[in-house]
Amino acid sequence: MATWFAFHKNEASNESQRYKEAIRKYDELVQTLPGDDVWWTRHLYKGFWLPSGGLIGHLLLEDHHFHSKPTDILVASSPKCGTTWVKALIFASLNRNIYDFVTHPLITTNPHTLVPFLEKCLYRNENTDSLPSPRLFGTHLPYTLLRDYVKDSGCKFVYVCRNPKDAFVSMWLFLNKVMSRYRPTEVSLQDAFEMFTKGASIFGPFWDHVLSYWNASLEAPYQVLFVMYENLQREPVAQVKRLAEFLDTPFSMEEEKAGVIQDIVKLCSFDNLNNLEVNKVESNSDPSTTIKNHDFFRKGKVGDWKNYLTPEMAACLDQITAEKLRGSGLSFIDQSV
């Protein structure tokens with residue numbers, strides 16, 4: 001991440017005063033924060049491990065660098081929990097009367113380009129005010145680190161979560177793949193597992209992240225929708241209907257009879273997105289990251305953790321999950337491969 005930060009820090013001289021102030025605050029703040037760069041767990045801030053971009057994005061939110069609108073939609077998640085898929089489903093659902101399924105933007109553009117991360121827009125100092133409504137953003141920030149003016153604006157959040165065993169394995173494989181481009185050694189499964197169980201993972205602790213949105217969904221179900229990745233896999237049509245209803249764009253009877261929901265599910269399926277040329281390329285138009293479009297697609301399977309974790313590891317994660325979620329009313333779906 002050092003290359004990224006140096007690039008953006010050099011560019012800051014020509015940016016707005018508010019942006020430069022956030023960079024100054026970041027420079028001062030990081031000198032006081034515990035941290036490491038083993039797993040992009042760069043800074044421990046207010047109980048969460050944030051990469052540099054996530055921390056700067058949060059500081060810019062604190063400085064009101066973002067003008068929240070009631071029509072905004074934020075796709076929130078802990079990393080590697082189905083973000084790419086849900087971004088695609090929401091984009092396709094909301095724009096179903098604008099684009100056909102033959103020349104659809106998702107065929108030529110990665111979902112993360114169509115639905116950019118809010119933190120990335122902020123630390124790049126991009127002008128988000130001119131985007132048409134409803135504006136779609138992604139975020140990996142926990143709900144507790146989002147400013148009240150964002151939450152109180154009336155915007156909506158769709159939070160997707162995943163069984164922690166699959167989330168951990170997917171995160172470990174993803175980060176090792178990305179980090180191998182600038183780091184000679186990988187993080188072993190055992191080392192990564194020990195870090196994850198102690199809460200030291202990107203935007204973690206995982207369970208605190210999930211609970212921040214789970215509790216928000218209980219307090220304001222009209223504003224925060226909690227979606228299980230496993231439910232999306234099991235019943236995608238029903239879940240896409242649920243998404244559209246939550247976003248106040250329900251499918252009409254005519255659309256349902258015409259198979260529009262099935263068309264959206266097919267367009268956004270793992271197999272379809274994974275096989276598109278735009279998502280198979282070895283490059284990315286984003287110079288500030290080493291992440292390539294094809295990095296976002298591996299298997300998309302439920303229960304793949306069984307191919308990596310020992311029974312002892314699985315039991316350990318199950319025990320931690322039970323302890324962390326006790327009394328919350330939340331439980332994770334655990335399915336076989």
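Here are some questions and answers about helix packing and a strand in this predicted model.

Residues are numbered from 1 along each chain as its sequence is written. In this predicted model, local features need pLDDT of at least 70, side-chain atom pairs count only at pLDDT 80 or more, totals for chains, interfaces and linings use all residues, and side-chain values use heavy atoms, with hydrogens and water left out.

Me: Is helix H9 oblique or parallel to helix H10?
Reply: Helix H9 (residues 164-179) and helix H10 (residues 189-197) pack at an angle of about 130°, with their axes 11 Å apart. Angles under 35 degrees count as roughly parallel, over 145 as roughly antiparallel, 65 to 115 as roughly perpendicular and the rest as oblique. So H9 is oblique to H10.

Me: Are the residues on both faces of strand E4 buried or exposed?
Reply: In a regular strand, side chains alternate between the two faces of the sheet. In E4 (residues 136-139), Leu136 and Gly138 lie on one side, with Phe137 and Thr139 on the other. With buried meaning under 20% relative accessible area and exposed over 50%, these residues are all buried.

Me: Which residue in E4 is the bridge partner of Val75?
Reply: Strand E3 (residues 73-77) pairs with E4 in the parallel sense over four bridges; pairing needs at least two bridges found by DSSP. The partner of Val75 in E4 is Gly138.

Technical notes: Axes fitted to C-alpha atoms, helices over the stretch in contact; angles between N-to-C directions. Helix = DSSP H or I, 4+ residues; strand = E, 2+ residues; numbered from the N terminus. Buried < 20%, exposed > 50% of the residue type's maximum accessible area, 1.4 Å probe, protein only.
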